[in-house]
Amino acid sequence: MDKIYAIRSVLFVVIVVALLTIGNAALGQEMENYQKIDTITVTAEKREENVQDVPISMSVFNDIQIEDAGIKDLTDLTYFTPNVYAKQNSSLNTITIRGISSHNCTVNPPAGLFVDGISYPISFMQNPDLVDIERVEVLRGPQGTLYGRNAESGVINIHTKQPDNEFRGKLFSNTGIYDTSNDDAFFYILGGSLSGPIIKNRVFMGVSFQSENSDGYIKNIFNGDDNVGETDHKVGQGKIRWTPNDQLDVSLVMNVNENEDFYNNSFISGPYKTERYTINWDGSDSWKEENNGQALKVEYAGTAFDFVSITARNNFKADYQYDLDLSPQPGGDMINTFDNTMISQDLRLSSPKDAGTFKWLVGLFGFKDENDIKSDYSGVSRFTDFENKGIAAYGQTTYTLLDRLHLTAGLRYEHQESDGKQINSSVAEPFSSELEYDEILPKISLSYDVKKNLMFYTTVSKGFLAGGYDYSIATGVENLTFDPEYTWNYEAGIKTSWFDKRLILNMSAFYIDIQDKQVMQYDAGRSWHVSNAAEASSKGLELEFEARPTQGLHFFGGLGVIDAKIDNWISNGVDYKDNNLPSAPKYTYNVGVKYSHHTGLFGRADIFGTGDIYTDPENTQKIDAYNTVNLSFGFQRETFDIVLWGENIFDKEYLTNKNASGTDSFVEFGQPRTNKDRSCEERTTILSDC
C-alpha cells in the first residue's frame, strides 16, 4: 500500500506540473515580488553548467542548504536525496543509489565518492564529516564514462570552499543531549575556518577544522559501562591557491581526519535479548580510522581549449574490533584492519566555457591502489594484500541542433590489472591470483529544450563495479577472487522551473539491468564464498521540488520509489527469483518547510520517510518502514546565528541494520531524540574583525 500511495502521489504531481506549465505565462507576471531560487553551478560532467541544464538525475546542496538542514555528514545528506540510502552500521558506510549495493566481503563500493577531486575508493570511507563545504552533488545512475570503475550506481562529488580575495572567518559550536535513560549522553561539535589572500589577486590560503565528541547513548549491561558508544572525530583541511594570471589557477588541498566510533549491535530475540540502546557482551568494542589526502589541481582557461590536471593521493587506515558472538559468553573477537593507499592522475582537455553548438572533452586517467587487510575471527587469521592499477581514456561531446536539441555521446576505455595473495592460518601454503580486464563504457543522451524553463532528456549509460579479493571468507585460490559486476541504465526525465524561478520541479523514471551480480553464497561442501552468480534489475521514479511562493517562505522535498529485484539466482537449491535486493528501500521521501522573518527569526520542519528494507537476499531479515521529524528555531543575522534543534523529536524507534544469528536476530538502532543548539559567528570583512 505504501508503494501504491507513493506512485499515486507522483502521478498527481505530474498532472499538477502539466497544469502549471499551461498557466506559467499567465501567472508569472503576478509573482514579480516573490523571491527567486538561486541558480547553482555544478561540475557533474567535468565542466561548469547550470544544474537545470544537465541531463542527469541529480541533487545538489550548497553551503547554506547544508547548514540550514543541520547536515553534519554524508549519511545525514542522504535523507534529503531520493532513492539514496546509507547502508549504515557500525563497521560499514556504503551508499546505496537506486537499489544497487555491495556484499559485505568487498572493499569496492558501487557509488563513487570524491572530495575536491580526491577519490575515496573503499566502502568504509563513505561517511565523511562535511566541513567548510561549497556544495555537494549527488549523481544518480551509472557514471562510468566520465568516472570509470566503481561508479556503477552513481557518483557523489563534495566540493569545499576555495580561498580567494575575500577574507572570511567563521567559528561555530554545536552542543546537545541524546534523550536516553543512560547517563552522560552529551555531545558537542566545535569548529572554524579562516581564508583570504596572502598576496592580493595572486596567492590565497585557507584552513578549517572540526572536532566532534560524545559519550554516546549506548550502555553495556554486562559491565555497566555507559561510554561504549563514545565517538571522537577530528577533521582538518588546508588549502593554498596561486593565480599568476587570469588564465592559470593552481591549488593544493590537504586534509586529515581521525575518527573513533563504536559497534552497537544487540539482540532483539533469544537468550541475550536486550532493550533499546543497550548491549550485553564481554568483548571488544572499537572502530578507529585515520585518513589523509592531498590533491594538486592545475586549471588553464584558454581561448581554444581548457586544460585540467588533478594529481591526488589518499591514505586510509582502519582498525575495528568487536565481540564476535555479541554476548557475555567467551566467544572471542572479530578483528579487522585495513590500509589503503591510492594515487591517481587525471588529465583532460575540453572546449572553452564560451563554446557554442559543439562542446567536447577528452581525458586520460591512471591510478595505483594498494591494500593490506587483516581479518581475524573464529580461530582463523587471514592476511590479504593486493594491488590494483589501471589506465583509462575517455571522451564526451555534446552537439546542439536548432538551439534546442542537444545530443551527447561519450565513451571510456578502461584497463585494470590486479595482483593479490592471502596468507590463511587454516591453509598450509599462501595462495595468490591475478585479475585483468578491459572495459568499454558508453553513454548516449538526448535532451530537448521545449522552452527556456522546460527540458526533457533521455539517457542510456553503462557502469561497472570492479572485481576484487575476498579478504574475509576465502579458503583457497579457487574462491579468492570475483569478477566485475555491470549495469545498464535507461532513464527519461524532465527538468522544469516556473514563475521566474520561484518553483523548480524535476522528475525522472529509470530501469537498470544488473548482470554478473556479486553475491555471497553457500554451496554444499564448499562453505561460503563470493561469486558473480546473479542477475537483477531496478526500476523506479524520482521527484524533487523547491518553491518560494512568497518572501520568507520556502518549501522543498523529494520522493523516490523503487522496485529492486533479483531476476535470476539459484544457490544451494534455493531460488531467489523475485526477492528484493538488500539495502534497497521501497521508497524514500523528505518534505520540509522554512519560514524566515525579516527580523532574523526563523522556524523549520523536516519529515523523512524510508520504506521497508531487506538486509539479506533471502528476505528473512526486514527493517520496517519508518519516518522521523526534525524541528529547528532560531535567529539568523548576516554575521551570526543561534539555533535550537530537535532531531527525531517524537523519539521514533527505528533500525539501521538487522542480521540473523541462528534463529535469533541482532540489530542496530537509529539515533534517539536529540536536542541541541548551534551558535555560529562569521565575518567576511577584514581579518581583524574575525
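Does Gln-143 count as buried or exposed, and at what relative accessibility? At 8% relative accessibility, Gln-143 counts as buried, where buried means under 20% relative accessible area and exposed over 50%, with a 1.4 Å probe and protein chains only. Keep in mind that this is a predicted model, with local features needing pLDDT of at least 70, side-chain atom pairs counting only at pLDDT 80 or more, and totals for chains, interfaces and linings using all residues. Residues are numbered from 1 along each chain as its sequence is written, and side-chain values use heavy atoms, with hydrogens and water left out.

So where does this glutamine sit? Look in the loop between β8 (133-140) and α4 (144-147); helices (H or I, at least four residues) and strands (E, at least two) are DSSP runs, numbered from the N terminus. Leaving aside residues up to four places away in sequence, Gln-143 touches Ile-56, Gly-148, Ala-151, Gly-154 and Val-155, a contact being heavy atoms within 4.5 Å.

Now step back along the chain into β8. This strand belongs to an open sheet of five strands with mixed pairing, in the order β3-β8-β9-β6-β7; two strands pair if DSSP finds at least two bridges between them. The edges are β3 (58-62) and β7 (118-119), each with a single partner strand, so one side of each has no neighbour in the sheet. β3 and β8 run antiparallel, joined by five bridges, and Phe-61 has Val-136 in β8 as its bridge partner.
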